[in-house]
Amino acid sequence: MKKNLILDVDTGVDDAFAILFAARHPEINLLGITCVDGNTNLENVIANTLKTLDAAGAGDIPVARGATRPLIDEPRYAEFVHGSDGLLDMGIPPSKRVLDPRPAVELIRDLIEGAAGPVTLIPLAPLTNIALFLRAFPDTAAKLERIVLMGGSASAGNATATAEFNIWHDPEAAAIVFSSGIPITMYGLDVFTRLQLTHDHGTELKSREHECSQFSGELIQRFVKQFTALADQSEITLGDYGAVATAIAPHLVTMERYRVVVDTTFGPNRGQTVCDRRTFADSAQDSIHSNAPSVDVVMDLDVDAITEMWMRTITQ
Ligand code: RIB
Ligand code: CA
């Protein structure tokens with residue numbers, strides 16, 4: 001049976017890698033996509049998401065408008081990584097696809113209520129839309145099979161020394177999602193950069209005829225150029241795609257179960273996902289972590305199999 005997925009995105013180059021895969025994989029039923037500000041502003045995110053669906057050759061998948069900013073903080077974008085339009089300024093004309101008229105939280109509700117089987121929600125972005133959905137429609141949210149999110153870290157951060165970008169962008173939203181009681185898989189920075197591509201992958205994809213391969217190849221080569229300029233680094237990551245791979249092929253990853261607290265204080269660790277990795281925790285002395293939700297955290301993965309699954313799905 002196909003797996004029912006809903007994506008929440010801030011497209012973003014690696015969100016695009018994830019969307020291309022989810023729209024094309026034969027065992028995925030992509031019910032819809034909701035957009036939120038994050039890597040870039042919401043208008044860019046929407047435009048990039050629709051263009052990516054065009055490149056994927058996707059059918060009529062509903063795409064909805066979500067939050068324009070975090071719950072409390074001001075938005076802080078990552079355009080220095082993803083380009084001024086969030087998709088490396090490829091010069092692709094706007095899509096002719098029409099945005100779904102429903103707000104993101106209503107689209108998520110309707111897709112879950114109308115689905116024939118269980119639904120997995122995959123946030124690849126700051127968790128603002130998901131927190132608003134949980135607060136607006138808790139009974140529908142309780143029907144979710146699982147949330148598999150890209151975000152957080154059990155080790156180092158990227159936006160700050162300890163916080164990953166998606167959680168750091170809206171820590172209050174993340175705290176709401178992590179404490180929701182819904183089963184959560186966290187695909188974070190511990191594995192995020194392990195799925196690597198080079199300029200040669202782009203060349204291979206551009207040698208193929210169809211639009212999805214051409215688009216992907218160009219995006220990869222532009223991202224390699226960007227990272228070479230930014231960090232003298234010639235490999236780029238498939239990033240957010242790994243969370244989608246985890247949702248449909250959990251046998252290809254290794255998870256550890258940790259109690260996780262999202263730091264919502266305004267100190268240097270704001271936005272950190274503090275994972276309790278102690279083998280023995282004296283719960284009497286640690287009321288914070290002993291009452292925190294247990295989360296399945298991806299700590300290792302089959303790099304070759306997951307990378308090959310993406311290349312195969314893009315080119316077939
Ligand atoms: O921190 C990783 C996140 O930022 C991902 O969601 C990705 O889109 C990147 O830009
Ligand atoms: Ca993202």
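## Backbone features

Asp-89 lies in the loop that runs between α3 and α4, the latter spanning 104–114. In this predicted model, the phi angle of Asp-89 is near 45 degrees. That is a positive value, and Asp-89 is a residue other than glycine.

Another loop, between β1 (3–9) and α1, holds Gly-12. The peptide bond that leads from Thr-11 into Gly-12 is cis. Its omega angle is near -10 degrees.

## The surroundings of ligand 1

Ligand 1 has 13 residues around it. The closest of these are Asn-39, His-82, Asn-158, Glu-164 and Asp-240. Sorted by class, the shell consists of five charged, four polar and four nonpolar residues.

Some pairs of polar atoms can be named. Glu-164, one of the closest residues, places a polar side-chain atom 2.5 Å from an oxygen atom of ligand 1. For Asp-15, a polar side-chain atom is 3.1 Å from an oxygen atom of the ligand.

## The largest pocket

The site of ligand 1 is the largest pocket. About 680 Å³ of space lies in this pocket, and 30 residues line it. Nearest to the centre of the pocket are Val-81, His-82, Asn-158, Phe-192 and Phe-227. His-82 and Asn-158 also belong to the residues closest to ligand 1.

Several elements each supply at least two residues of the lining. They are α1, α3 (79–82), α7, α10 (211–231) and β8 (236–237). By class, the lining of the largest pocket is made up of 15 nonpolar, nine polar and six charged residues.

## The second largest pocket

The second largest pocket has about 160 Å³ of space. Its lining is formed by 13 residues. Those nearest its centre are Tyr-258, Arg-259, Asp-276, Arg-278 and Ala-281.

Strand β9, which spans 253–262, and helix α12, which spans 287–290, each give two or more residues to this lining. With three residues, β9 gives the most. The lining divides into seven charged, four polar and two nonpolar residues.

How values were computed:
Residues numbered from 1 in each chain as written. Chains lettered and ligands numbered in written order. Predicted model: local features only at pLDDT ≥ 70, side-chain atom pairs only at ≥ 80, totals over all residues. Heavy atoms only, no water. Near = heavy atom within 4 Å. Polar contact = N/O pair within 3.5 Å; in protein donor to acceptor, adjacent residues only side chain to side chain. 1 Å grid on protein atoms, 1.4 Å probe; cavity = no way out; pocket = protein on both sides within 12 Å on 5 of 7 lines; lining within 4 Å. Sits in = over half its atoms within 2 Å of the grid points. Nonpolar A, V, L, I, M, F, W, Y, C, P; charged D, E, K, R; others polar. Points joined across faces, edges and corners; volume = space filled by probe spheres on them. Helix = DSSP H or I, 4+ residues; strand = E, 2+ residues; numbered from the N terminus.
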